[in-house]
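Student: Could you take me through one part of this protein closely? I would like to look at a sheet and then at a single residue.

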Amino acid sequence: MANKRKVVLAGSPTINEDGVASAQVKPGYLVQGFSAISHHNTAGENVPRAVALERDELGLGIDDTYKSADQVTAFYASGDTVKVAVGKPGERFTMFLASGYGVVADGQLSSHGDGTLRPIEGTHEPLFRLYQATVVGSAAVVAIVVEVM
């Protein structure tokens with residue numbers, strides 16, 4: 001289990017289990033809603049830094065990379081209760097950079113509108129900053145370490 005990644009890396013965010021997934025929700029993705037939780041769906045908005053957490057009570061990480069054949073998926077299905085962390089400035093999370101984007105170290109990030117993050121553009125609100133070395137653009141969604149701004 002030491003190889004499994006987790007969402008909260010530093011700090012003590014507020015954690016709740018008040019809502020259920022309205023569709024599939026992936027740990028490490030920016031989410032919205034209270035009773036019905038979904039991936040955040042509007043790019044560039046200034047929103048609470050709410051992130052879906054891993055299902056650690058099931059021994060699962062942030063994705064299915066280390067899942068054994070007898071375990072359920074790491075993702076929340078529609079109707080599952082979702083664990084959500086709401087971060088404060090300085091807290092660090094594992095989140096995901098949208099495919100096709102690169103970002104420099106300490107670069108500011110905003111919502112991509114699908115639960116992933118992207119470098120800020122125009123008047124978009126910075127939510128997080130990259131807390132690792134520069135990430136080169138990729139055709140796939142990439143796990144990154146971010147710090148809440």
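Tutor: Start with the open sheet of five strands, in the order E3-E4-E2-E6-E5, with mixed pairing. Strand E3 (31-32) and strand E5 (50-52) stand at the edges, and each has a single partner strand, so one side of each lacks a neighbour in the sheet. Strands here are DSSP runs of at least two residues, labelled E and numbered from the N terminus. Two strands pair if DSSP finds at least two bridges between them. Strands of a sheet pair through backbone hydrogen bonds, either parallel or antiparallel.

This is a predicted model: local features need pLDDT of at least 70, side-chain atom pairs count only at pLDDT 80 or more, and totals for chains, interfaces and linings use all residues. Residues are numbered from 1 along each chain as its sequence is written, and side-chain values use heavy atoms, leaving out hydrogens and water.

Now look inside the sheet. Strand E2 (residues 14-21) and strand E4 (residues 36-39) run parallel, joined by two bridges. Val20 has Ala36 of E4 as its bridge partner.

Next, find Thr94. Strand E7 (residues 92-97) holds Thr94. Its relative accessible area is 7%, so Thr94 is buried (under 20%; exposed is over 50%, partly exposed in between, with a 1.4 Å probe and protein chains only). A polar atom of the Thr94 side chain lies 2.9 Å from the backbone oxygen of Lys6. Leaving aside residues up to four places away in sequence, Thr94 touches Lys6, Val7, Leu9, Gly28, Ile62, Ala143 and Ile144 (contact means heavy atoms within 4.5 Å).

Finally, step back. The protein has eleven strands and zero helices. Of its 149 residues, 44% count as buried.

Conventions:
Helices (H or I, at least four residues) and strands (E, at least two) are DSSP runs, numbered from the N terminus. A polar contact is a pair of N or O atoms within 3.5 Å; within protein, one must be able to donate a hydrogen and the other to accept it, and residues adjacent in sequence count only if both atoms are side-chain atoms.
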